[in-house]
Amino acid sequence: MFTRRGFAAVAAALVCLGTTATAQEVTLRMHQFLPLQANVPQHVLEVWKQRIEEASNGRIAVQHYPSMQLGGTPPQLVDQVIDGVADVIWTVAGYTPGRFPRAEVFELPFTVSNAEATSKAFWTLAQEEMVDEDFADFKLLAAWVHGPGVIHSKNPIETVDDLNGVKLRAPTRTTNMMFERLGATPVGMPVPAIPEALSKGVVDGAVIPWEVTSALRIPELVQNHTEFGDEMLYTTSFIFAMNQNTYDSLPDDLKKVIDDNSGLEFSGFAGKTQAASDGPAREAAVEAGNNIIELGDEQVAEWEAAAEPTIDAWIAEMDERGMDGQALFDRAQELTEEYAAE
């Protein structure tokens, strides 16, 4: 397993491939945990790469390393971008539980309804509350969330009681809190570990959005998929970040290229694009003959009531840590509503 010292050693070993910041050419190493053909790498990260290269007239080249090809594990991506092993990374904020507490406000149950609006809200709240605190060790390029979280399980899950004793992969600390309260046995793991965990019986199900199920072949491993109508059981916050020294070393015109192609609008684009990929993946499960469980309004209301204590507990915990949990929650809701109205 890599340590921070190990990261530094790798960074030194990769110096010949490293960032070259001159008036002529810059090469950025972009590192992330999914295969290149998955939706986010293909339709979001590759788009950013192409925009940067075109806007810089070829002066910036972005080398995309998917599937942790630079080494390490997904939870180590944040330290990799801080230490310079990678120049740019995309990761799940919750892969390092408790490290980015304010970002968890967007992961609370049944508080999100629109991925694009929420992604813009995430970016804006990050500028207000997080860049000098949670994200102070790197340059934040974008922040977004995915579409509706879905329960994919070996046995049908319709009611909260159906979760009793179910070993369920959950992506973040907040979702682990929720599912434990609802009677499941949450098991935290990065997305790439899900297929093997399902096939070996380590877990009985997983909660992920539809869009990533095709790359992971989830419909081949489980036959039941529980949806929550127009509500979102949960979502996950993502971080797209750049090594601060790398950014600072760029000439001003290339900094502008990075800035112009990142930020609020790119965050909204990423969230919208990721959510739009849900439809084709869902259709693949339908075509496979899997059981799509669409909960009605009364059923969803029961889940919402059962999940409410998770929100209260998170707010109380933030207060204990010296952050105003209620203010964070209220501001996140306010911003999301504002962007949704646009």
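This is a predicted model: local features need pLDDT of at least 70, side-chain atom pairs count only at pLDDT 80 or more; totals for chains, interfaces and linings use all residues.

**Entry 1: Pro186**

I looked up Pro186 and found it partly exposed, at a relative accessible area of 22%; buried means under 20%, exposed over 50% and partly exposed in between, using a 1.4 Å probe and protein chains only. Pro186 sits in strand E7, residues 185-188. Helices (H or I, at least four residues) and strands (E, at least two) are DSSP runs numbered from the N terminus. Leaving aside residues up to four places away in sequence, Pro186 touches Leu168, Asn176 and Glu180, where contact means heavy atoms within 4.5 Å. I also checked Pro186 against His225: they are 39 residues apart in sequence and 17 Å apart in space, C-alpha to C-alpha.

Residues are numbered from 1 along each chain as its sequence is written, and side-chain values use heavy atoms, with hydrogens and water left out.

**Entry 2: the cores**

Next I asked which residues have the most contacts inside the largest nonpolar core. They are Trp48, Trp144, Phe240 and Trp303, in a core of 103 residues. Helix H4 (residues 115-130) gives the largest share of this core, eight residues. Another core, of five residues, lies apart from it and includes Val150, Ala281, Ala285 and Ile292. A nonpolar core here is a set of buried Ala, Val, Leu, Ile, Met, Phe, Trp, Tyr and Cys residues joined through side-chain atoms within 4.5 Å.

**Entry 3: Phe122**

I then picked Phe122, which is found in helix H4. Phe122 is buried, with a relative accessible area of 0%. Not counting residues up to four places away in sequence, its contacts include Ala103, Phe106, Ala143, Trp144 and Phe238. Phe122 and Ala143 are 21 residues apart along the chain, and their C-alpha atoms are separated by 6.1 Å.

**Entry 4: H11 and its partners**

How do H2 and H11 run relative to each other, parallel or antiparallel? Helix H2 (residues 39-55) and helix H11 (residues 263-276) pack at about 155°, with axes 9 Å apart, so they are roughly antiparallel. Angles under 35 degrees count as roughly parallel, over 145 as roughly antiparallel, 65 to 115 as roughly perpendicular and the rest as oblique. Axes are lines fitted to C-alpha atoms, for helices over the stretch in contact, and angles run from 0 to 180 degrees between N-to-C directions. On the H2 side I noted Val40, His43, Val44, Val47, Trp48 and Arg51, which meet Phe266, Phe269, Ala270, Thr273 and Gln274 in H11.

With helix H12 (residues 278-287), the H11 axis comes within 5 Å and crosses at roughly 15°, so H11 and H12 are roughly parallel. Gln274, Ala275 and Ala276 in H11 meet Asp278, Gly279 and Pro280 in H12.

**Entry 5: two positive phi values**

Most residues other than glycine have a negative phi. Asn57, not a glycine, has a positive phi of about 55°. Asn57 lies in the loop between H2 and strand E2 (60-65) and counts as exposed at 71% relative accessibility. Met68 also has a positive phi, near 60°, and is found in the loop between E2 and helix H3 (77-83). Met68 counts as buried, at 12% relative accessibility.
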